[in-house]
Amino acid sequence: MFKAFDFIYDDVMSSTYNLKLLRIEDGDGYTTGTSIPSKSFTMVKTNRSTRKNIIGCTIDDTVTFKLRIAIDSEEGNPVPIPRNCVGIIRNWLFNKTEFKKLRILQDDLNNCYYNAVFTEVTDLMLEGEIIGFETTVITDNTGMYRECRMTKTVKDSLVFNLLNESSNINPTYPVMTIDFYDSDVTININGRETIFKNIYSGSRIVLDCETLIISNQENDLYNGNFNYVFPEFNNGKNIISITGSCKIIFDYNQIVEVGV
């Protein structure tokens, strides 16, 4: 679990209210938790063999964990939360109906965040004053997201490798921002081609390969000048070749299992 760290939730710094994330148990010196959700495998075997083959895998649940949120006190003694801030803090942290980014500000988690909501909230009381909250964090995936970006400028052609170190069992879907210097550009990722033809030079097209959303300013992409192939990254090494002249930015999130 985390010791005592600043955090950002829904773009608000915890230091705004002098709050920190705290370890739940430190009496024994360690805590326990499940940071890698269990998986269910679909398996088949033939009548002639005792050996089974895996034909499918699903994640049973996402990461959840408990934590405490309390006032940062240099003396180590519990400090009440000002009464005029309790309602504001509750509304900020605990009244969300959709996932928000939770960033824990420790050095080994740079560029990482959870998509999270807080639930099962309990007030921590001392002499009638609220000194903090204990809560359960529910996330939308099997780990934290690590934000990654790769930028390439291509003149005529380029071949390169991209290493995807995601812990997810599923492919990673990038957002690709393409500035066209030529009218025709082909992007080949692991043998699968995304093709653009007759695009105005100077155009910018953005492909969100997870949501299948295209945004562009200059071109109608419904007249055969895009083949509607939205690429994905496999885990491990990906071989990418680009023909044509363009600048392309790959933004993607790797799933990182960091423990709880």
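Leaving aside neighbours within four places in sequence, which residues is L102 in contact with (heavy atoms within 4.5 Å)? They are F7, I8, Y9, Y113, Y114, A116, F118, V137 and M144. This is a predicted model, where local features need pLDDT of at least 70, side-chain atom pairs count only at pLDDT 80 or more, and totals for chains, interfaces and linings use all residues. Residues are numbered from 1 along each chain as its sequence is written, and side-chain values use heavy atoms, with hydrogens and water left out.

**Nonpolar cores**
- A nonpolar core is a set of buried (under 20% relative accessible area, 1.4 Å probe, protein chains only) Ala, Val, Leu, Ile, Met, Phe, Trp, Tyr and Cys residues joined through side-chain atoms within 4.5 Å.
- The largest one holds 27 residues, and L102 is among those with the most contacts inside it, as are F7 and F118.
- Elements giving two or more residues to this core include β2 (7-9), α1 (83-94) and β8 (100-104).
- A second, separate core has 25 residues, including F180 and I248.

**Helix α1**
- Helices are DSSP runs of H or I with at least four residues, and strands are runs of E with at least two, numbered from the N terminus.
- V86, I89, W92, L93 and F94 are buried in α1.
- Those buried residues fall within an arc of 145° (from directions between the helix axis and the C-beta atoms), so they line one face of the helix.

**An open sheet**
- Its 4 strands take the order β12-β18-β14-β15, with antiparallel pairing (at least two DSSP bridges between two strands).
- β12 (157-164) and β15 (192-196) stand at the edges with a single partner strand each, so one side of each lacks a neighbour in the sheet.
- Between β12 and β18 (residues 236-243) there are 8 bridges, and F160 stands opposite I240.

Conventions
Buried means under 20% relative accessible area, exposed over 50%, partly exposed in between (1.4 Å probe, protein chains only). Contact means heavy atoms within 4.5 Å.
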